[in-house]
Amino acid sequence: MTLLQKEYNDVAYISGPLLFVNAASDLAYGAIVNIKDGNGKIRGGQVISVTDQNAVIQVFEETRGLDLATASVSLVEDVARLGVSKEMIGRRFDGLGRPIDGLPAVIAEQRLSINGQPMNPAARAKPEEFIQTGISTIDVQTSLIRGQKLPIFSGSGLPHNELAAQIARQAKVPGHEGDFAVVFAAMGLTQREVSFFTQEFERTGALARSVLFLNKADDPAVERLLTPRMALTTAEYLAFEKGYHVLVILTDLTNYCEALREIGGAREEIPGRRGFPGYMYTDLAGLYERAGVVQGKPGSVTQVPILSMPDDDITHPIPDLTGYITEGQIVVDRALNSKGVFPPINPLPSLSRLQGNGIGKGKTRADHKNVSDQLFAAYANGLDLRKLVAITGEDALTDTDKLYLKFADDFETYFIGQGDQDRSIDDSLTVAWGILSKLPQSQLTRLSKDSIDKFYGQKVDEMWKGGRSTSI
């Protein structure tokens with residue numbers, strides 16, 4: 001009898017999605033197995049723990065109907081793998097990598113472990129190439145750099161799904177449009193959200209350069225843990241084997257962490273903060289650190305994980321741990337959303353720690369950093385004055401203060417609230433200069449005289465190239 005035919009029949013007990021099998025210590029951690037019940041039905045599973053006494057197996061489907069007396073386990077593969085191919089671009093898969101678009105299965109060029117290969121820190125190249133998302137608030141003030149991991153912190157009911165679809169549709173590395181791809185993985189989606197993403201990617205043509213992994217809310221929780229690994233394995237293959245610059249969008253990491261907590265509870269693990277397992281930091285780092293640029297490899301993997309903060313609490317363990325591992329954050333703001341501003345990204349708590357590597361002369365534009373700093377300072381001043389007006393009234397303000405108030409309104413309306421426009425970085429900087437020109441030159445202390453002489457006071461309609469008729 002070969003190892004592949006060996007069966008383990010001593011199933012001790014079942015706890016939720018977990019199967020505890022005695023005398024199975026020769027199974028390897030991470031191995032893929034089949035579980036057969038008394039009626040011959042076969043379910044998939046993965047070994048998540050092995051001791052001298054037993055092996056713990058996550059069942060990929062529900063465990064209802066499994067009988068301890070008749071269930072048996074057999075080894076399929078020593079580690080979970082995904083068959084990958086360049087032909088995956090333009091296809092839709094479920095959370096386990098099975099096609100759901102009605103087309104045949106992909107003929108795999110390689111079968112790769114979904115746990116990925118550890119990236120040698122010494123082989124990492126410095127991320128320093130700008131990725132244009134077409135969204136002004138991100139491109140100008142929280143710039144995304146190739147190889148970076150930059151999460152989006154959102155909240156329940158906020159339009160992060162629409163934002164994710166817009167980034168997937170518009171993102172590009174200037175000069176590398178032909179070898180740019182998007183790998184989109186969604187976890188815990190409702191049927192309505194599955195329909196939204198499917199229709200949005202097909203309607204806009206974004207599917208032609210994308211690979212979609214869609215895990216639904218009614219799929220077993222354990223599948224949710226595999227979905228981002230399937231996506232990242234595909235991204236690494238396209239980047240480091242085929243030379244693509246790959247943007248990976250993962251949404252919603254909160255659903256992923258909830259699945260971690262559910263599985264941890266079934267395993268009777270000692271819970272950590274708010275019931276989440278103590279190894280959640282390590283688990284998340286294992287996902288986030290798969291982004292990067294490798295010396296000698298033509299492609300790159302950039303990550304935009306999206307998570308919804310429970311009760312908008314940025315100190316919740318999920319955003320808190322994510323913030324430790326990643327290189328900044330983009331914050332979706334509930335107050336801006338309530339004003340009808342889209343995309344409602346608040347630049348003040350947002351940050352890109354790698355922004356300085358990828359912007360400026362020769363990369364985006366020489367005045368980029370200074371414009372970003374000036375916008376930040378002027379908007380912060382405008383918001384402070386709004387609070388003051390609520391107490392003292394507008395009559396107590398100076399004429400300059402009133403200009404800052406007007407600036408804050410225009411900034412939210414025309415710069416942040418761009419709707420579904422796809423703006424180039426030049427277009428975004430032009431809009432920024434149009435709004436900054438409402439302030440006296442003496443207030444633009446973060447801009448050089450050369451930049452002011454060149455860009456200050458130009459007519460907005462001319463700067464927007466006639467693309468928008470509204471004047472500011």
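User: Which residues have the most contacts inside the largest nonpolar core?

Analyst: This is a predicted model. Its largest nonpolar core comprises 58 residues. Within that core, the residues with the most contacts are V183, F213, L253, Y256 and L284.

User: Which helix gives the most residues to this core?

Analyst: In soluble globular proteins, nonpolar side chains tend to be buried together. In this core, the top contribution is 12 residues, and it comes from the helix spanning residues 221-240, namely α4.

User: What is L253 in contact with, leaving aside its neighbours within four places in sequence?

Analyst: L253 is among the residues with the most contacts inside the largest core. Once the neighbours within four places in sequence are set aside, its contacts are M187, L284, L287, Y288, P305, I306 and L307.

User: How many residues does the second, separate core have?

Analyst: The second core is separate and includes I167, A168, F180 and V304. Its residue count is 33.

User: Which element gives the most residues to the lining of the largest pocket?

Analyst: The largest pocket has a volume of about 590 Å³. Of its 24 lining residues, Y29, N115, R229, Y256 and D283 are the closest to the centre. Two or more lining residues come from each of β5 (42-50), α4, α5 (253-266) and α6 (280-288). With 4 residues, the element that gives the most is α6.

User: How many charged residues are in the lining of the largest pocket?

Analyst: The lining divides by class into 12 nonpolar and 8 polar residues, together with a charged group. The number of charged residues is 4.

User: How many polar residues are in the lining of the largest cavity?

Analyst: The count of cavities of 30 Å³ or more comes to 1, and about 30 Å³ of space lies in the largest cavity. Its lining consists of T133, I138, L144, L150, I167, V304 and I330. By class, 6 of these are nonpolar and none is charged, and the number of polar residues is 1.

User: Is E223 buried or exposed?

Analyst: E223 is found in helix α4. Not counting residues up to four places away in sequence, E223 touches F60, G95, L96, R98 and N215. Its relative accessibility is 4%, under the 20% cut-off, and E223 therefore counts as buried.

User: What does Q355 touch, not counting residues up to four places away in sequence?

Analyst: Q355 lies in helix α9, residues 355-358. Because its relative accessibility is 8%, Q355 counts as buried. Its contacts outside that sequence range are V140, Q141, T142, S143, I145, H368 and S372.

User: Is the pair of F196 and F197 stacked or edge-to-face?

Analyst: The model has 9 aromatic pairs. For F196 and F197, the ring centres are 5.2 Å apart and the planes lie at 65 degrees. Since planes over 60 degrees apart meet the cut-off, this pair is edge-to-face.

User: What is the angle between the planes of F407 and F411?

Analyst: F407 and F411 are 4 residues apart in helix α11 (residues 399-416), so about one helical turn separates them. Both F407 and F411 are buried. Their rings form a stacked pair at 5.8 Å centre to centre, and the angle between the planes is 15 degrees.

Methods: Residues are numbered from 1 along each chain as its sequence is written. This is a predicted model: local features need pLDDT of at least 70, side-chain atom pairs count only at pLDDT 80 or more; totals for chains, interfaces and linings use all residues. Side-chain values use heavy atoms; hydrogens and water are left out. A nonpolar core is a set of buried Ala, Val, Leu, Ile, Met, Phe, Trp, Tyr and Cys residues joined through side-chain atoms within 4.5 Å. Buried means under 20% relative accessible area, exposed over 50%, partly exposed in between (1.4 Å probe, protein chains only). Contact means heavy atoms within 4.5 Å. On a 1 Å grid over the protein atoms alone, a cavity is a set of points where a 1.4 Å probe fits but cannot get out, and a pocket is an open set with protein on both sides within 12 Å along at least five of seven lines; lining residues have an atom within 4 Å of a point. Grid points are joined across faces, edges and corners, and a volume is the space filled by probe spheres set on the points. Ala, Val, Leu, Ile, Met, Phe, Trp, Tyr, Cys and Pro count as nonpolar, Asp, Glu, Lys and Arg as charged, and the others, Gly among them, as polar. Rings of Phe, Tyr and Trp (its six-membered ring) pair if their centres lie within 6.5 Å; planes under 30 degrees apart count as stacked, over 60 as edge-to-face and the rest as tilted.
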